[in-house]
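Open the model in your viewer and keep the selection panel handy. We will walk through one interface, a selection at a time.

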Amino acid sequence: MLNKSQTLTDFLLHEEITSPPVNGSLTMVLLQIENSVKIIGSHIKQSGLVDILGKTGYKNAFNDEVQRFDDLSNTLLVTTLLSSGEVYAVASEELKEPIYSKNKGGDFIVCIDPLDGSSNVDCNASLGTIFSIYKKGDNILQKGNDQIAAGYVLYGPSIMFVLTTGKGVNGFTLDPSIGSFLLSHSNIIIPEKGSQYAINEGYSSNFTNQTKKFLKSFKSNGAKLRYSGCMVSDVHRILIQGGIFLYPADNKNPNGKLRLLYEINPMAFIINQAGGLAVSDGIDPLTILPNSVNQTMSIVLGSKDNVKIYKSF
Ligand code: AHM
Ligand code: MG
């Protein structure tokens, strides 16, 4: 049954029958995330009307100014996940260290970027939430290839929940009249090539020769720049329309900016599942064993042909 009245819950219940490792526990975790992002989305839709904008006055593990919205989204997701009984630990971009469930119960580790693109909050531009789920192992740090599910939520003109459990990528759009995510984009396949690129070109004087040469050649073929400063929104555009997203290492930031656990691995998993490619420092980021929850890396991902061309420079 694949039609526009299929809710995320229906979809997951169906996956339980057909696609292990989706089981009742994983479904519970995903539904907890769904409930939290609906609440985050509802707050976002009221920003400007209610007193929620602005900074908290403190910085996170990455020295980023924490917005009040970051704080709200983080607290909501962490509390909800840890109280579910299914989650052993939550690692979050907003936390210096992972938080464990009280009795160390639960089978899953969930990594989250609670509010991606937070600099967009105060100007009413797109925002996102990114999540990634692993089975509890000996260590919190696991390779991206060990993810059993990953997804993102895009708070745009509509709210979309994009999910992979390792059997392709599906997108659900929130129908606000009933409060449910409905399957709107089944089996998303990224175009093999595209003419759009997303990069912060303001840093071009620090780009490596590889990035400079690639961009010069791409632009000479009529490429278009689209960049919002929200990875979720920029990657979603590339997923749907094709092209390439780049947050490469440069001469100023040799380790890039984006976080392996919270941003790169979930997005690379999704892009791979949709038929695209991802590369970090010349290799597949999903094969890297993270050295810390806060590791950052270079990332280039998107349509297969575009990423292959980037690699060839
Ligand atoms: P955030 O998760 O703290 O909001 O930051 C991550 C964001 C990504 O969404 C985006 O791709 C990038 O940082 C933008 O950085 P820059 O302003 O350097 O272009
Ligand atoms: Mg982010």
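Between domain 1 and domain 2 of this predicted model, about 2,800 Å² is buried, with 66% of that area on carbon and sulfur atoms. To see the two partners, colour residues 8-185 as domain 1 and 196-312 as domain 2. Their C-alpha centres are 22 Å apart, and the contact draws 45 residues from domain 1 and 30 residues from domain 2.

Now for the charged groups. Which side chains meet in a salt bridge? Select Glu93 and Arg259: their N to O distance is 3.6 Å. Across the interface of domain 1 and domain 2, the count is 1 salt bridge. Polar contacts between the domains come to 10 residue pairs, both partners at pLDDT 80 or more.

Switch to cartoon and pick out the strands on the side of domain 1 that touches domain 2. At least two residues each come from S3 (87-92), S5 (108-116), S6 (127-135), S7 (149-155) and S8 (159-164). Which strand gives the most to that side? Highlight S6, which supplies 7 residues.

Technical notes:
Residues numbered from 1 in each chain as written. Chains lettered and ligands numbered in written order. Predicted model: local features only at pLDDT ≥ 70, side-chain atom pairs only at ≥ 80, totals over all residues. Heavy atoms only, no water. Domains from an automatic or database assignment. Contact = heavy atoms within 4.5 Å. Buried area = accessible area lost by both parts, 1.4 Å probe. Salt bridge = Lys/Arg side-chain N within 4 Å of Asp/Glu carboxyl O. Polar contact = N/O pair within 3.5 Å; in protein donor to acceptor, adjacent residues only side chain to side chain. Helix = DSSP H or I, 4+ residues; strand = E, 2+ residues; numbered from the N terminus.
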